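Colleague: I'd like to go through the contacts in this one with you. Can we take the chains to start with, and then turn to the domains?

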Amino acid sequence: MRRARLVLTWAALGVLTVAFMYPFVWLLSASFKPRGEVFDHRIIPETFTFDNYIQVWHAAPLGLWLVNTLFVTVLAAVAVTVTSAMVAWGFAYFRFPGRNALFGVLLGTMMLPGAVTMIPTFLIWNSLGMVGTLTPLWAQNLFGSAFYIFLLRQFFLGLPREPFEAAKIDGANNWKIFTRIALPLCRPAIVVTLLFEFQAAWTDLMRPLIYLRDSATFTVPRGLKALLDQFGFGGEWHWEIVMTAGVITTVPMIILFFLGQKHFVKGIATTGGK
Amino acid sequence: MSLAREHANRLPRRRSTRWIETRAALLFISPWLIGLLVFTAWPIINSAYLSLTDYDVINDPSFVGFDNYVTLFEDPKVGLAIRNTFLFAVMSVPAHLVVSLALALLLNSAAKATGFFRTAFFLPKMTPPVAIGVLLVMLFNGQSGLVNGALGLVGIDGPAWTTDPGWVKPGLVLMSLWTVGASVIIILAALRGVPQELYDSALVDGAGWWRRTLRITVPMISPTLFFLFIVDTINALQSFTEAYTAFFGAGNTTYSNDAALFYAIYLFRQAFEFLHMGYASALAWLLFVIIMVITAVQILVTRRYVHYEGGQS
């Protein structure tokens, strides 16, 4: 009876794993098939070809898109991590009048749907002449993000106070205490913040849709949407190009997961994810 | 003494040291304070103002009073978008909870190799939503899609998921189930926190698996399920990218996409495709009110079923 249940559990897990992995396998394998065989549902392509990858490179400035995305993603992740850590430390370490009220405001901003601030924020960037550039995709992260501030503050609050007092007595200033002692101590939380934001910035479609106009400035997700519109819906029916671009958009995130697997799982389990 | 502990004690101190500390704190939180003013407070005020105007970005806003809000209630597309969004949320949120709970329970009962299966279930969550939209278009294609191919194997003639208005939302819901991985991890972490003694005594009493799950597991992790229920609903009400990718955009003129018109999509189109910034701002405020009301109702209705350790309700 116990044995039967165990076999059943493993069988179910096996079937589900196949179901969850199949879309990846299907997409990857389709990207190596010639146009006519894309929808034949074979796992191993009947005719194996690299042609789609060459085609998509000719059809779109893919290298430029990758560089743009990497640029935005790195700046977004680094900016949000540095400033959120600073602000979190400000809330965790210091005592000042109005601290709890301000932190309440911070929590409150997390409840506000992005739709409310989306249009005025666009108008701000528009009046600065930045629409059409990559700046609006990352520069807001220079002001921290409520979710990460909350996450990092929780982490800071768990630290012992003694090392900071000792450093203070030794004459270290506040900035030194923060960068030399506090930041190294909360490395796991810093890594989680970097990974989460890297993923968020890489996969975002809405902001690139709002802010980017010229194909040369596109990020990869924005480019994938353009390719879908042109080669998928646009009457040309070159689905193999769309799929190949889909693979190129997704693979960096799969790599990111395997690089930071432990941190991703831990970060999601402890924060409830994003 | 930890920093958290220190937080609780407030020692009276001299004014000058207090000011020095306040000044240092303000310096540390200044990035967020500036951001709060420029990218939250000002946009809230401006959005409220814009919602009372006609504004196309090129010409100055012209004040129209509450006209936009009146139009909201007369615009059939708003009603349609709200209906679509509700239907999607009503289908997808319970489906997510049930599927992620089932997967987490399954993972929890297989002690070995949890890591491998957890990775398998989580990996789709790494996929950019735009790529999920692309996958949706192809996997759910009525003639050549993989989903109908699989259904065909068991003798079911699958529907035209991407073109039949009645099947568009179920297709979107099914596709969204592919990314339950984060919820699985959260529930799994909660399951690990349920004390083993509870199960041991239930086993002594001869309680079967179902009974143990329903009487012990679900109540013990109910705060986590409650959290996921609330957050998932808020996300479902704002869902945009997958449906927009699959059914809207420059190239898509081949078929009607009314069935996939979610509220966030309609808002986006009004703002950035038709440049009706005033009207779109009013749409945003209506969305805000809808989300607040729904969240409040959810909290009031479900709170008494949530079991908190330590007896508070």
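Colleague: How many residues does the contact take from chain B and from chain A?

Modeller: Bearing in mind that this is a predicted model, the contact takes 100 residues from chain B and 97 residues from chain A.

Colleague: And what area is buried between chain B and chain A?

Modeller: About 8600 Å² is buried between the two chains, and carbon and sulfur atoms give 78% of that area.

Colleague: How many salt bridges does the rule find across the interface of chain B and chain A?

Modeller: The rule finds one salt bridge there, in which the side chain of B:Glu21 meets that of A:Arg95 at 3.8 Å, taken from N to O. Since the cut-off for a salt bridge is 4 Å, the pair falls within the rule at 3.8 Å.

Colleague: Which element gives the most to the side of chain B that touches chain A?

Modeller: That is α2(B), which gives 23 residues to the side of chain B that touches chain A. By class, that side of chain B has 71 nonpolar, 21 polar and eight charged residues.

Colleague: Switching to the inside of chain B, where do the domains run?

Modeller: Chain B is divided into domain 1, covering 3-69, and domain 2, covering 74-305, and the C-alpha centres of these two domains of chain B lie 33 Å apart. Their contact takes 12 residues from domain 1 of chain B and eight residues from domain 2 of chain B.

Colleague: What area do those two domains of chain B bury between them, and which residues in domain 1 lose the most?

Modeller: The area buried between domain 1 and domain 2 of chain B is about 800 Å², with 66% of it from carbon and sulfur atoms. On the domain 1 side, B:Tyr55, B:Asn68 and B:Tyr69 lose the most area to domain 2 of chain B, and together they make up 41% of what that side buries.

Colleague: How many salt bridges and polar contacts are counted between those domains of chain B?

Modeller: The count is zero salt bridges between domain 1 and domain 2 of chain B, whereas two residue pairs are in polar contact, both residues being at pLDDT 80 or more. The elements giving two or more residues to the domain 1 side are α2 (15-50) and α3 (67-74) of chain B, and α2(B) gives the most to that side, with four residues. The residues on this side of domain 1 of chain B divide into seven nonpolar, four polar and one charged.

Note on methods
Residues are numbered from 1 along each chain as its sequence is written. Chains are lettered from A and ligands numbered from 1 in the order in which they are written. This is a predicted model: local features need pLDDT of at least 70, side-chain atom pairs count only at pLDDT 80 or more; totals for chains, interfaces and linings use all residues. Side-chain values use heavy atoms; hydrogens and water are left out. Domain bounds come from an automatic or database domain assignment. Contact means heavy atoms within 4.5 Å. Buried area is the accessible area (1.4 Å probe) that two parts lose on being put together, summed over both. A polar contact is a pair of N or O atoms within 3.5 Å; within protein, one must be able to donate a hydrogen and the other to accept it, and residues adjacent in sequence count only if both atoms are side-chain atoms. Ala, Val, Leu, Ile, Met, Phe, Trp, Tyr, Cys and Pro count as nonpolar, Asp, Glu, Lys and Arg as charged, and the others, Gly among them, as polar.
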